[in-house]
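Please read them with the structure open.

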Amino acid sequence: MKRRVIIYLLAGFCLWGAENLEVTADKFEHLEKEQKAIFEGHAHATQGKSRIDADRFVLLFDKEGQTREYRALGHVRFEIIKPQRHIKGRCNRLVYNVQRDTYLLAGKALVNDLINHRTMSGSEIFLDNKTGRASAKSGRKGPVKFVFPMKDATGKKKQGKK
């Protein structure tokens, strides 16, 4: 049985807020000169109610040792819960810039906005938590797709196709 590595990273300016970040994986490596921590094999990150699962999870630090960016790579599944945002989705690569509070989701990206009941998919999705901006690009294999819930004349939500 593979030994699981559990690391608790405390940072005042961390991934999803001021709560502790917990990362588990089959393998851990810290590259001090590169200011990088790499978690491989069944990588699972949680902070508060938010979570990310991926094949590989990479944390990049600034000179003060604070998290500046994280990357989740390979079979990424996530649920991000922040004030005014609750999204679930999947992609092949997720990059979160801590200072800018932005997400880049690439490779068969799908995001379900659980607050506004909207769905977005494309080969690349960009989300900016500070400005509320969202954008998507399509690849050669298909268009960008948005699903917006609609109400009928009585104000009731219409049932979507199943």
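1. Val147 is partly exposed, at a relative accessible area of 41%. The term covers values between buried (under 20%) and exposed (over 50%), using a 1.4 Å probe and protein chains only. Val147 belongs to strand E11, residues 145–147. Strands here are DSSP runs (E, at least two residues), numbered from the N terminus.

2. A word on the source: this is a predicted model, in which local features need pLDDT of at least 70, side-chain atom pairs count only at pLDDT 80 or more, and totals for chains, interfaces and linings use all residues. Residues are numbered from 1 along each chain as its sequence is written, and side-chain values use heavy atoms, with hydrogens and water left out.

3. What does Val147 touch, not counting residues up to four places away in sequence? His117, Arg118 and Thr119. Contact means heavy atoms within 4.5 Å. Asn112 is 35 residues from Val147 along the chain, and their C-alpha atoms are separated by 9.5 Å.

4. Ile81 lies in strand E6, residues 67–82. Ile81 is partly exposed, with a relative accessible area of 30%. Leaving aside residues up to four places away in sequence, Ile81 touches Lys49, Ser50 and His86. Lys49 sits 32 residues from Ile81 in sequence, yet 6.4 Å away in space, C-alpha to C-alpha.

5. Lys82 is also placed in strand E6. Buried or exposed? Lys82 is buried, with a relative accessible area of 14%. Its side chain makes a polar contact of 2.5 Å with the side chain of Asp101. Another polar contact, of 3.2 Å, joins the side chains of Lys82 and Tyr96. A polar contact is a pair of N or O atoms within 3.5 Å; within protein, one must be able to donate a hydrogen and the other to accept it, and residues adjacent in sequence count only if both atoms are side-chain atoms.

How values were computed. Helices (H or I, at least four residues) and strands (E, at least two) are DSSP runs, numbered from the N terminus.
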